[in-house]
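Here's a chain to talk through, one label at a time.

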Amino acid sequence: MTPIYNQLLIPFITAMALAITMGGSGTAPAFSAAYGANVIRKSIIPGLFGIVVFVGAFLAGKKTAGTMGSGILSSEYMTFMVVSIALFSIAVTMLISNISGIPQSTSQAAVLALAAPAVYFGKLDTQVLFAEIIPAWFILPVISYFLSYFCGKYIYQPMRRRGLTIQRAQNENRKHIWDIVLVVMAVYVSFAIGANNVANAAGPLYTMTINELNIRESDHIVILMLATLVVAPCFGIGASLFGHKILKNTGKEIILFGKFEAVIIAFISGSLLLLASLIKGIPTSLVQVNVAAILGIGVAKMGHKNIFRKTQVKRFFTMWMIAPIISFFLSLLLIFLADMLKML
């Protein structure tokens, strides 16, 4: 194996490690609703999750991969060193989140890890970052919350007025059709994760490989498929290693919900992420969209005070603020040190 191929092994292995941590975090938005409603065994979640993520990345992940490959940092700066550092910074950030048992936005960590070298080299594409990506991070969870809240409000409030809340919910939850629909929704969300989050690792790999090996344009799609093939299956491994604790935190400890509510949560979460992927190729936070949907249902069911006082909710918001900052500054520090070493 030639030296250049030996060198490329480092970012590819780092990308696989990152995908494992992303799989751990991504299991929650895909299967927390089904797990919380007790319609799927935790033992089959990792395999099913990994397969569907792989399919979603192949069929619908091209636009987001393009954004991550050249939309934040110019493609000519996607070198072996920059991509390796960015992927390593994201992986460390996600590992911290997974150990904490808190689902974290892979996309936010990834975007800021790439923004750090872009800032360092003075090549940050502010139009894409500040006019498209960051607004979507705020807007989509808000949309998710209110869609879920209004669905919950118009389900629960009429039932409360009629005094049928407990009885009707129990009767609905006994119907096996909801088991099937809920698993279908979990698969749907997994597909959306493949369309969006796989690109966080595959996009930089794709651009770096083209640059380092001088791949001709006609073979670019082959390189993108190769990067996806390396990254996507590792999501299932991550789900197996880290998924259970995160599933418990999101699916059981924020609010206990029934199957009908769980379908609402999964459908809203998956649809918003898929739209972001297919329309604009925006890497966005499915984790936050999903938790926002859970909170919307929870507030409609239990009220604002009962939900937002929960310890898990406070921990989620704290980690969401801290983790992307860690990713940015770790990446910036490593880029600075690597650049200094090159000058010695």
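This is a predicted model: local features need pLDDT of at least 70, side-chain atom pairs count only at pLDDT 80 or more; totals for chains, interfaces and linings use all residues.

Q: What makes S89, I90, T93, A109 and A113 count as contacts of S327?
A: Contact means heavy atoms within 4.5 Å, and S327 reaches S89, I90, T93, A109 and A113 on that test, once its neighbours within four places in sequence are left aside. Residues are numbered from 1 along each chain as its sequence is written, and side-chain values use heavy atoms, with hydrogens and water left out.

Q: Why is S327 called buried?
A: Buried means under 20% relative accessible area, exposed over 50%, and partly exposed in between (1.4 Å probe, protein chains only). S327 has 0% relative accessibility, so it counts as buried. Buried residues make up 56% of the 344 residues in the chain.

Q: Where does S327 lie, and what makes that a helix?
A: S327 lies in helix α15, residues 311-343. Helices are DSSP runs of H or I with at least four residues, strands are runs of E with at least two, and both are numbered from the N terminus. On that count the chain has 15 helices and 0 strands.

Q: Which residues does Y120 contact, leaving aside neighbours within four places in sequence?
A: Y120 is in contact with L332, I335, F336, D339 and M340. Y120 and I335 are 215 residues apart in sequence, yet 7.9 Å apart in space, C-alpha to C-alpha. Y120 itself sits in helix α5, residues 106-121.

Q: Why is Y120 called partly exposed?
A: Its relative accessible area is 27%, so Y120 falls in the partly exposed class.

Q: What makes K280 and E132 a salt bridge?
A: A salt bridge needs a side-chain nitrogen of Lys or Arg within 4 Å of a carboxyl oxygen of Asp or Glu. The side chains of K280 and E132 meet at 3.8 Å, N to O, so the pair qualifies under that cut-off. The pair links distant parts of the chain, with K280 in helix α12 and E132 in helix α6 (residues 126-162), 148 residues apart. In general, side chains of opposite charge can pair when their charged atoms come close.

Q: Why are K280 and E132 both called partly exposed?
A: K280 has a relative accessible area of 46%, which means partly exposed. E132 comes in at 25%, so it is partly exposed too.

Q: Why is N214 called exposed?
A: N214 has 66% relative accessibility, so it counts as exposed. N214 lies in the loop between α9 (199-213) and α10 (220-231). Its phi is near 55°, a positive value in a residue other than glycine.
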